[in-house]
Amino acid sequence: MIIAALTGSIAMGKSETAKMFAARGIPVFDSDAAVHALYSEGGEAVEVIRSIAPSAVENGRVDRQKLSVLVQQRPSLLKDIEAVVHPLVKARQKEFLSDARAAGAGLAVLDIPLLFETGRQADVDVVLVVSAGPELQRMRALARPGMTPEKLELILSRQIPDADKRARADYVIDTSRSLADTAHAVDQIIADLKARAETGS
């Protein structure tokens with residue numbers, strides 16, 4: 001089974017692209033959804049987050065908006081959070097891949113937003129990077145609820161530049177054009193990777 005990582009900087013269209021892979025029957029692991037589950041009531045990360053950022057926990061769950069504000073106020077907090085959350089997400093990814101193999105999947109996709117930033121590219125066979133121009137990226141990002149220019153700059157400062165990600169990708173998916181164009185690129189990648197899986201190359 002080929003393991004592909006889908007990554008890209010904020011507002012590049014990664015979530016929409018991941019949906020396209022899933023719609024074509026490819027198993028896709030959603031890291032953001034996994035974090036949401038960990039932060040929800042009864043989630044494994046709740047009590048640990050409470051110990052390092054008590055004001056971010058309300059009604060037995062982590063309020064991601066409040067946690068984001070705390071990180072903006074105290075950037076060093078991010079490393080403490082990642083030290084808790086990343087291993088938990090990675091464990092769920094392993095379970096997901098085991099299930100995909102058992103189901104006979106020839107290709108599985110891990111949606112990993114901070115792939116290069118966390119050094120996870122060594123864990124996968126293929127890297128898919130979603131990309132768009134900086135002006136479109138900024139426009140998309142600032143259209144999100146709660147996003148401000150200051151918050152966007154903070155997020156971008158923690159991410160490897162898009163040009164570097166594209167240079168390290170096996171495939172670049174340009175999301176600056178239409179959804180149909182992106183879907184066509186996804187179809188081509190799936191066909192190529194399936195062919196590689198069949199030939200063992």
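**Entry 1: helix 1 and helix 9**

I began with the pair formed by helix 1 and helix 9, whose axes come within 10 Å and cross at roughly 50 degrees. I took axes as lines fitted to C-alpha atoms, for helices over the stretch in contact, with angles running from 0 to 180 degrees between N-to-C directions. Helix 1 and helix 9 are therefore oblique to each other. Angles under 35 degrees count as roughly parallel, over 145 as roughly antiparallel, 65 to 115 as roughly perpendicular, and the rest as oblique. I noted the crossing of helix 1 and helix 9 as right-handed.

Helix 1 contributes Glu 16, Thr 17, Met 20 and Phe 21, and helix 9 contributes Leu 179, Thr 182, Ala 183, Val 186, Ile 189 and Ile 190. Contact here means heavy atoms within 4.5 Å.

The model is predicted: local features need pLDDT of at least 70, side-chain atom pairs count only at pLDDT 80 or more, and totals for chains, interfaces and linings use all residues. Residues are numbered from 1 along each chain as its sequence is written, and side-chain values use heavy atoms, with hydrogens and water left out. Helices (H or I, at least four residues) and strands (E, at least two) are DSSP runs, numbered from the N terminus.

**Entry 2: helix 9**

I checked the length of helix 9, residues 179-199. At 1.5 Å a residue its 21 residues should span 30 Å, and its end C-alpha atoms are 30 Å apart, which agrees. The expected span is 1.5 Å times one less than the number of residues.

Which residues of helix 9 are buried? I found Thr 182, Ala 183, Ala 185, Val 186, Ile 189, Ile 190 and Leu 193. They cover an arc of only 155 degrees around the axis, which puts them on the same side of helix 9. The arc is that of the directions from the helix axis to the C-beta atoms. Buried means under 20% relative accessible area, exposed over 50%, and partly exposed in between (1.4 Å probe, protein chains only). On the other side of helix 9, I recorded Ala 180, Glu 198 and Thr 199 as exposed. The cover over the buried residues includes strand 1, helix 1, strand 5 (107-111), strand 6 (126-131) and strand 7 (171-174).

Helix 6 and helix 7 pack at an angle of about 125 degrees, with their axes 10 Å apart. That makes helix 6 oblique to helix 7. I noted this crossing, too, as right-handed. Gln 137, Arg 138, Ala 141 and Leu 142 in helix 6 meet Pro 149, Leu 152, Glu 153 and Leu 156 in helix 7.

Is Gln 137 buried or exposed? I found Gln 137 in helix 6, residues 134-142, and it is buried, with a relative accessible area of 9%. Leaving aside neighbours within four places in sequence, Gln 137 is in contact with Ser 9, Ile 10, Ala 11, Met 12 and Leu 156.

I followed that list to Ala 11, in the loop between strand 1 (2-7) and helix 1 (14-23). Ala 11 is buried at 6% relative accessible area. Although Ala 11 is not a glycine, it has a positive phi of about 65 degrees.

**Entry 3: Asn 59**

Asn 59 also has a positive phi, of about 55 degrees, without being a glycine. I located Asn 59 in the loop between strand 3 (57-58) and strand 4 (61-62). At 69% relative accessibility, Asn 59 counts as exposed.

**Entry 4: separations**

How far apart are the C-alpha atoms of Gln 73 and Ala 105? I read 44 Å for this pair, which is 32 residues apart along the chain. Gln 73 is in helix 4, residues 64-73, and counts as exposed at 60% relative accessibility.

Finally, I compared Ala 102 with Thr 182: they are 80 residues apart in sequence and 30 Å apart in space, C-alpha to C-alpha. Ala 102 belongs to helix 5, residues 77-102, and is exposed, with a relative accessible area of 69%.

Key: Left-handed = near helix turned anticlockwise from the far one by under 90°.
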